[in-house]
Amino acid sequence: MIYMQLTETQEKQIEKAWSRTIRLLTARFHVETNEPSYHILSFGGGRQTVGLLLKMRGLFRRNEKAFVVFADTGGEHQETYDYINDYIIPFCAANEINFVRVTSKYGKTLYEYCWDKKIVPSMKFRDCTSKFKIAPIRKFIREELKVTRSKPCYVYLGISYDEADRMNVSNVLYAKSVFPLIDGYKEYCEPETTLQDCLRIVKDEGFPPVPKSGCWFCPFAQTTDLLDPRYKSKTIALEENNSRFPEILLRGMKENKVKPIRELTDNDIKLGGCKSGYCMV
Ligand code: SF4
């Protein structure tokens with residue numbers, strides 16, 4: 001038998017393709033045919049979740065068992081808050097859709113939380129996502145709606161077909177993750193809906209383009225966003241306030257040749273970052 005020596009890049013590519021296949025399959029099996037106790041749309045404020053809300057309006061309209069839930073970190077760009085206030089909340093009100101804003105149990109924004117703890121959001125552990133996005137939504141589900149494992153709810157996530165490798169199976173039994181843009185959902189949403197489809201859905205509704213969601217100090221943000229003059233000095237302050245600065249930087253370890261935010265310039269824009277929203281809620 002001949003064994004082929006794979007390069008590190010090839011191994012990573014195979015690993016990624018394999019995990020994507022497994023996620024796609026397991027997510028499908030995770031959804032049962034039983035009616036859920038509640039329908040929860042995890043609303044991140046980005047392009048895909050706005051598209052998803054527009055597609056799913058028929059399910060959410062005048063439905064006391066359905067809620068659009070926005071977990072607010074307090075760190076979204078002003079454009080996102082403006083879009084929610086100017087378009088999403090009025091749309092929900094006009095369609096009699098329950099829109100709920102939830103926040104973390106810490107009684108402070110994610111920025112203040114990181115500042116007080118002298119840390120930066122961790123790319124590796126994603127504490128910020130679990131504490132400021134996932135936990136507040138789950139608290140609402142458990143404490144306000146009293147959902148239990150015996151009658152779980154569905155949580156609809158706006159992950160588009162072209163980003164299917166961001167899918168994550170729920171790790172709690174009382175809330176099942178559903179991906180209508182990928183798998184489709186009844187008559188409301190066709191499967192294999194891409195980001196481009198979401199942009200078209202938003203345009204067809206007569207809404208302006210949705211601004212990119214995510215915290216302005218997110219470690220996954222594109223360089224161009226981190227250079228935004230409205231927020232740059234506050235992001236630098238947060239990075240330098242971190243108790244392990246300069247070893248630990250917002251975008252990773254200094255030893256890995258990561259640049260401090262203070263040193264980023266327009267020439268670094270090619271360094272990239274995430275084009276979508278940053279949270280994989
Ligand atoms: S957008 Fe970034 S910083 Fe904000 S909660 Fe999500 S991963 Fe953390």
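Helix H6 buries Cys 128, Thr 129, Phe 132, Lys 133, Ile 134, Pro 136, Ile 137, Arg 138 and Ile 141. The model is predicted. These buried residues of H6 pack against strands S1, S2, S3, S4 and S5, and against helix H5. An α-helix has 3.6 residues a turn, so residues three or four places apart point the same way.

H6 covers residues 127–144 and is bent by about 35 degrees at Ala 135. A proline, Pro 136, follows within four residues. Just after H6, Lys 146 has a positive phi of about 60 degrees.

The elements that the buried residues of H6 pack against are listed here.

| Element | Residues |
|---|---|
| Strand S1 | 39–42 |
| Helix H5 | 110–117 |
| Strand S4 | 153–157 |
| Strand S5 | 175–178 |

Strands S2 (residues 66–71) and S3 (residues 98–102) also belong to that set. S2 and S3 run parallel, joined by five bridges. Phe 67 has Asn 98 in S3 as its bridge partner. From S2 the chain passes through helix H4 (residues 78–94) to S3, a right-handed β-α-β crossover.

Phe 91 sits in H4.

Now the whole chain. It holds ten helices and seven strands. Of its 281 residues, 38% are buried. Among contacts between residues at least 6 apart in sequence, 73% join residues at least 24 apart.

Notes
Residues are numbered from 1 along each chain as its sequence is written. This is a predicted model: local features need pLDDT of at least 70, side-chain atom pairs count only at pLDDT 80 or more; totals for chains, interfaces and linings use all residues. Helices (H or I, at least four residues) and strands (E, at least two) are DSSP runs, numbered from the N terminus. A residue is buried if 20 or more other C-beta atoms lie within 10 Å of its own, exposed if 12 or fewer, and partly exposed in between; C-beta atoms are placed from the backbone. Two residues are in contact if their C-beta atoms, placed from the backbone, lie within 7 Å. Two strands pair if DSSP finds at least two bridges between them. A crossover is right-handed if, with the strands pointing away from the viewer, the path from the first strand over the helix to the second runs clockwise. The bend at a residue is the angle between axes fitted to the seven residues ending there and the seven starting there.
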